Amino acid sequence: MQRTICPKCSHDSSTKAGIINGRQRYKCRNCGYHFTINKVGKRIDQYYVTKALQLYLEGLSYREIERIIGVSHVSVMNWVKQYGIKRVETGQYHPNYRIVSHEELASYFSDKSEVQGKGMLITELGDKFMVIRWERFRE
């Protein structure tokens with residue numbers, strides 16, 4: 001049986017004292033303090049955090065990152081704030097991206113007109129790949 005430790009006096013003698021908002025409440029037998037155990041939140045794998053920040057730096061919007069990775073755009077915004085990521089804004093280029101499988105990626109590179117003279121980045125997304133190309137804005 002797991003023992004609950006009182007956050008006030010650090011004593012390990014406590015008893016159950018009801019449920020509040022769906023969470024078990026405890027009472028310390030030593031000091032009489034009532035407390036609940038902190039809820040452990042859902043954590044997202046660091047791989048997805050890194051990928052989201054990479055895609056943000058490549059110029060994709062929060063909503064585009066949400067659609068690609070499957071993580072809330074609000075989470076992506078919070079990570080950008082948390083890590084202090086600054087994106088260099090350039091008005092001359094915009095990113096174009098495609099999600100491809102391994103076979104599609106091989107055929108993509110076999111066509112020289114697709115890759116010659118173009119800046120691009122390829123990143124892994126689980127079992128797929130994302131090809132990001134930069135194109136000039138047409139004026």
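V115 is partly exposed, because its relative accessibility is 22%; here buried means under 20% relative accessible area, exposed over 50%, and partly exposed in between, with a 1.4 Å probe and protein chains only. The residue lies in helix 5 (residues 112-115). Helices (H or I, at least four residues) and strands (E, at least two) are DSSP runs, numbered from the N terminus. V115 touches Y108, F109 and M120, residues up to four places away in sequence being left out; a contact means heavy atoms within 4.5 Å. From V115 to I68 the C-alpha to C-alpha distance is 23 Å, and the two residues are 47 apart in sequence.

The model is predicted, so that local features need pLDDT of at least 70 and side-chain atom pairs count only at pLDDT 80 or more, whereas totals for chains, interfaces and linings use all residues. Residues are numbered from 1 along each chain as its sequence is written, and side-chain values use heavy atoms, with hydrogens and water left out.

**Overall form**

The chain contains five helices and six strands. Read from the N terminus, the order of elements is β-β-β-α-α-α-β-α-α-β-β. The radius of gyration of the chain is 25 Å, whereas a compact globule of 139 residues would have a value near 14 Å. This radius is taken over C-alpha atoms, and the globule rule is 2.2 Å times the number of residues to the power 0.38. Along the principal axes, the C-alpha atoms fill a box of roughly 75 × 35 × 25 Å.

Of the 139 residues in the chain, 23% are buried. Among contacts between residues at least 6 apart in sequence, 48% join residues at least 24 apart. The accessible surface of the chain is about 10300 Å², and carbon and sulfur atoms account for 48% of this surface. Accessible areas come from the Shrake-Rupley method with a 1.4 Å probe; for residues, only the protein chains shown count as cover.

The chain carries 23 positive and 14 negative side chains, and the centres of these two sets are 16 Å apart. Lys and Arg count as positive and Asp and Glu as negative, while His and the chain ends are not counted. The place of a charge is taken as NZ of Lys, CZ of Arg, CG of Asp or CD of Glu.

**The N-terminal strands**

Strand 1 (residues 14-20) pairs with strand 2 (residues 23-28) in the antiparallel sense over five bridges; two strands pair if DSSP finds at least two bridges between them. Within this pairing, I19 stands opposite Q24 in strand 2. The hairpin of strand 1 and strand 2 has two residues between the strands, and N21 takes a positive phi near 55 degrees there. N21 is not a glycine, and N21 is exposed because its relative accessibility is 78%.

Strand 2 is also joined to strand 3 (residues 34-36) by three bridges, and these strands run antiparallel. R25 stands opposite T36 in strand 3. Five residues lie between the strands in the hairpin of strand 2 and strand 3, where G32 takes a positive phi near 80 degrees.

S10 is placed in the segment before strand 1. Its phi is near 60 degrees, a positive value in a residue other than glycine. S10 counts as exposed because its relative accessibility is 56%.

**Individual residues compared**

The table lists the accessibility of selected residues.

| Residue | Relative accessibility | Class |
|---|---|---|
| V115 | 22% | partly exposed |
| Q46 | 42% | partly exposed |
| S10 | 56% | exposed |
| N21 | 78% | exposed |
| I85 | 22% | partly exposed |

Q46 is found in helix 1 (residues 46-57). Although Q46 and I122 are 76 residues apart in sequence, their C-alpha atoms are 19 Å apart in space.

I85 is found in the loop between helix 3 (73-83) and strand 4 (93-100). Leaving out residues up to four places away in sequence, I85 touches L53, Y56, L57 and V80. For I85 and L57, which are 28 residues apart along the chain, the C-alpha atoms are separated by 8.0 Å.
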